[in-house]
Amino acid sequence: LQVRRPEDATPQLEEARAAVVEAEGLGHAEALVDAWLVVSWIANHQGDMELCAEASEHWLVAARRAGRSRQAVWAANWVIGALAEGPTPVRVAIRRSEEVRASFERELPAESSFGLLQAYAGRLAEGEESIKRARKVYLERSQQGYYAANSANLATVALLSGQRSEERRV
């Protein structure tokens with residue numbers, strides 16, 4: 001097994017940022033959504049969660065302005081996910097996440113990531129319930145991959161609470 005360092009995506013990030021500037025200059029709403037999406041992806045893949053959260057917030061705003069509601073939901077998921085995984089202090093991340101989530105009427109984006117933030121803030125029971133709600137929705141939508149992947153979030157809550165996995169039903 002050989003471990004390689006991730007490739008430097010600086011040129012692609014610069015190109016995506018140039019696309020943001022160009023789309024803004026042209027007033028092209030659709031292109032702006034796509035450009036911010038690419039900035040978010042690159043930041044995520046490079047592990048820069050601070051940039052990912054920032055770019056995803058721009059992606060969210062652009063998606064709403066362009067009338068792309070599903071893109072707005074995805075962007076909100078990315079904002080909250082990046083806040084949960086990045087360096088933002090937990091109280092700030094929760095506040096920002098609550099603001100994003102409050103702007104959606106019928107759907108609460110990133111319920112599982114929000115649950116992690118609750119757990120990080122010491123609200124373990126609330127966090128666990130949020131994650132369980134998210135997993136229930138994934139099953140209802142036949143999204144088994146997301147359901148399984150979010151087992152890790154429940155395990156994180158268990159670790160934070162100091163309980164061994166045998167003591168919890170995950």
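This is a predicted model: local features need pLDDT of at least 70, side-chain atom pairs count only at pLDDT 80 or more; totals for chains, interfaces and linings use all residues.
Local features need pLDDT of at least 70 and side-chain atom pairs count only at pLDDT 80 or more, whereas totals for chains, interfaces and linings use all residues. Residues are numbered from 1 along each chain as its sequence is written, and side-chain values use heavy atoms, with hydrogens and water left out.

**View A. Packing of helix 2 (residues 29–46) on helix 3 (residues 49–65).** The angle is about 165 degrees and the axes are 8 Å apart (axes are lines fitted to C-alpha atoms over the stretch in contact; angles run from 0 to 180 degrees between N-to-C directions). Helix 2 is therefore roughly antiparallel to helix 3 (over 145 degrees; under 35 is roughly parallel). Residues in contact (heavy atoms within 4.5 Å) include Trp36 and Leu37 of helix 2 and Cys52 and Trp59 of helix 3. By class, the contact has 13 nonpolar, 4 polar and no charged residues (Ala, Val, Leu, Ile, Met, Phe, Trp, Tyr, Cys and Pro count as nonpolar, Asp, Glu, Lys and Arg as charged, the others as polar).

**View B. Surroundings of helix 4 (residues 69–85).** Of its 17 residues, 12 are buried, so helix 4 is largely enclosed by the rest of the structure (buried means under 20% relative accessible area, with a 1.4 Å probe and protein chains only). Among them are Gln71, Trp78 and Ile80. The cover includes helix 2, helix 3, helix 5 (90–102) and helix 6 (111–120).

**View C. Packing of helix 6 on helix 9 (residues 151–161).** The axes are 10 Å apart at about 5 degrees, which means that helix 6 is roughly parallel to helix 9. Ser112, Ser113, Leu116, Ala119 and Tyr120 of helix 6 meet Asn153, Thr156, Val157 and Leu160 of helix 9.

Terms used. Helices (H or I, at least four residues) and strands (E, at least two) are DSSP runs, numbered from the N terminus. Angles under 35 degrees count as roughly parallel, over 145 as roughly antiparallel, 65 to 115 as roughly perpendicular and the rest as oblique. The expected span of a helix is 1.5 Å times one less than its number of residues. Buried means under 20% relative accessible area, exposed over 50%, partly exposed in between (1.4 Å probe, protein chains only).
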